[in-house]
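Let's take a walk through a protein and look for the spaces in it. Have a look at the picture before reading on.

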Amino acid sequence: MKRFPPLKSVRRYCLWCMNGQAREVSLCPSDDCPFYPLRFGKRKQGMSTLKMIKAKCKDCAESVKKCDFIDCQIYPYRFGHNPARQGIGGSSPFLFKKRS
């Protein structure tokens, strides 16, 4: 399965949920779903897409670690991290020593 960026994965998940009908995504009645504000594939101010994905995964499965739905669009992001950015960012050892 091809991996998409987190926001596009949310959009594809919403399309999957509504049987591929974009019109149904816009009429989605589940306003308590963590993806409801992101369903059009556009980020809202102050919202972390990865945190929303993690919340949806917790809602779907009892344990994110035990999730076995590998065909799910949001599966790679279920821990709230983007695996494509592994090792990018974070504090350098120099800053860590300075903060201590």
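Start with the second largest pocket, whose lining is made up of Tyr13, Cys14, Cys17, Met18, Val25, Cys28, Ser30, Cys33, Phe35, Tyr36, Arg39 and Lys56. A pocket here is an open set of points on a 1 Å grid over the protein atoms alone, where a 1.4 Å probe fits and protein lies on both sides within 12 Å along at least five of seven lines; lining residues have an atom within 4 Å of a point. This is a predicted model, where local features need pLDDT of at least 70, side-chain atom pairs count only at 80 or more, and totals for chains, interfaces and linings use all residues. Residues are numbered from 1 along each chain as its sequence is written, and side-chain values use heavy atoms, with hydrogens and water left out.

The second largest pocket holds about 150 Å³, a volume being the space filled by probe spheres set on the grid points, joined across faces, edges and corners. α1 gives the most to its lining, with three residues.

Now move to the largest pocket, at about 220 Å³. Its lining includes Trp16, Cys57, Phe69 and Tyr75. Here α3 (49-60) supplies at least two residues, and so does α1 (6-17); the largest share, three residues, is from α3.

Zoom out, and you'll find four helices and zero strands in the protein chain. Helices (H or I, at least four residues) and strands (E, at least two) are DSSP runs, numbered from the N terminus. Of the chain's 100 residues, 32% are buried, meaning under 20% relative accessible area with a 1.4 Å probe, protein chains only.

Definitions and conventions
Buried means under 20% relative accessible area, exposed over 50%, partly exposed in between (1.4 Å probe, protein chains only).
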